Amino acid sequence: MAKEQVLVSGGAGYIGSHTAVALIEAGYDVVIIDNLSNSDMNAVEGVRKITGVDVPFEKVDCCDKEALRVIFKKYPFRSAIHFAAYKAVGESVDEPLKYYSNNLCSFINILELMREEGRENILFSSSATVYGEPDALPVTENSPRKPSTSPYGNTKQMCEDILRDSTAAYKGLKGIALRYFNPMGAHPSALIGELPRGVPNNLVPFITQTAAGVRECLSIFGDDYPTPDGTCIRDYIDVVDLAGAHVAAISRLIEGRNKANYEIFNVGTGRGVSVMELVKAFEKVNNLKLNYRIAGRRAGDTIEVWANTSLANEELGWKATRTLEETLAAAWAWEKHVRGL
Ligand code: UFG
């Protein structure tokens, strides 16, 4: 019997490449598309090397609907996972139209083609950013969404709404939005991982680059928050665990185990970790000293957020299993691989 095929848009990116590996390991056939605007072919080669499968790759921009249609005509996938999007919060404030245009057009094109070409199942990469500064912790899927502080966050909320409305209106279309908390780490092979271009915005790549000597010093943005050690708290989810959540969610749709046409799941560990705790854990597990300093608060930062993951645990049968230490060791192994250390 032919394998069930899944389209992975943005599959050369950080979360997309790890998910492609997890899908192949779970027995799916994967087609990767990516415009390589913020990624490169090394990730696709990494996926091929890890899995031993010559995964098809097509360089396509999802904003180009006719080019995307060619992919839909060429491959018989019933299901798609849409990762392709811009994701830098700060840049989105400076260039909102770039974010609205890219993130909305690409998703709308995918959904339109799914309708036009009769495809059924779609997963959307959403974010815990939709919860803003929560009123109560941990956040559940029913916690209110807060007005976004960035165009990037707005695109996540808008795409969730587009998916909700489309799955309500179009018979045969089913969707799940996964709200990621803070992804980090890398595949244990160190063949794929996070590769930010330029100065990293996110904490873990900044830590690993500082440890590698690429950055001089990590700035910890604020130690005077109302948290136990004064630094912000997040729910850091291992990217391999996160990839597993995608396999669980797409399988649910493919096998028709979904309870509604549109569902939302938090994907986190359920545990809050402060910036300082993370830095200390990184130093300890990798047996090194990190050069860091306390800096001023970063505008727009949420003080603390972590997930209630009961729904994903029960409905998807998925749970994060990797420890903070394993993840931070993998992140460092990947950075060393990238730098040839
Ligand atoms: N931080 C530092 N120094 C740095 C970078 C980050 O102290 O050099 C701190 C931040 O102030 C924050 C924490 O580390 O307290 C995490 O920051 P990240 O930038 O790694 O992650 P965020 O929680 O700000 O953002 C992430 C994703 C976004 C997403 C958001 C909410 O990057 O895409 O979670 O879900 F929108």
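In which loop is Pro138 found? The points below begin with that question and then turn to the ligand, the strands and individual residues.

1. The model is predicted, and the points that follow should be read accordingly. Pro138 is found in the loop between strand E5 (121-127) and helix H6 (151-169). Leu137 and Pro138 are joined by a cis peptide bond, with omega at about -10 degrees.

2. For Asp301, an N or O atom of the side chain is 2.5 Å from an oxygen atom of the ligand. For Arg234, the distance between a side-chain N or O atom and an oxygen atom of the ligand is 2.6 Å. For Tyr152, a polar side-chain atom lies 3.0 Å from an oxygen atom of the ligand. The ligand taken alone exposes 680 Å², of which the protein buries 89%.

3. Strand E2 (residues 29-34) is mostly covered, since 5 of its 6 residues are buried. On one side, E2 is linked to strand E1 (residues 5-9) by 5 bridges, and the two strands run parallel. Within this pairing, Val30 in E2 is the bridge partner of Val6. From E1 the chain passes through helix H1 (residues 14-25) to reach E2, and this β-α-β crossover is right-handed.

4. E2 also pairs with strand E3 (residues 57-59), in the parallel sense and over 3 bridges. Here Ile32 stands opposite Phe57 in E3. A right-handed β-α-β unit is made by E2, helix H2 (residues 41-51) and E3.

5. Is His82 buried or exposed? His82, which is found in strand E4 (residues 79-82), has a relative accessibility of 3% and therefore counts as buried. A polar atom of the His82 side chain lies 3.3 Å from the backbone oxygen of Ala84.

6. Leu36 lies in the loop between E2 and H2, and its phi is near 60 degrees, a positive value in a residue other than glycine. Leu36 counts as buried because its relative accessibility is 18%, and the cut-off for that class is under 20%.

7. Ala190 is found in the loop between strand E7 (182-184) and H7. The phi of Ala190 is likewise positive and near 60 degrees, in a residue other than glycine. With a relative accessibility of 10%, Ala190 counts as buried. For context, most residues other than glycine have a negative phi.

How values were computed
Residues are numbered from 1 along each chain as its sequence is written. This is a predicted model: local features need pLDDT of at least 70, side-chain atom pairs count only at pLDDT 80 or more; totals for chains, interfaces and linings use all residues. Side-chain values use heavy atoms; hydrogens and water are left out. A polar contact is a pair of N or O atoms within 3.5 Å; within protein, one must be able to donate a hydrogen and the other to accept it, and residues adjacent in sequence count only if both atoms are side-chain atoms. Accessible areas come from the Shrake-Rupley method with a 1.4 Å probe; for residues, only the protein chains shown count as cover. Buried means under 20% relative accessible area, exposed over 50%, partly exposed in between (1.4 Å probe, protein chains only). Helices (H or I, at least four residues) and strands (E, at least two) are DSSP runs, numbered from the N terminus. Two strands pair if DSSP finds at least two bridges between them. A crossover is right-handed if, with the strands pointing away from the viewer, the path from the first strand over the helix to the second runs clockwise.
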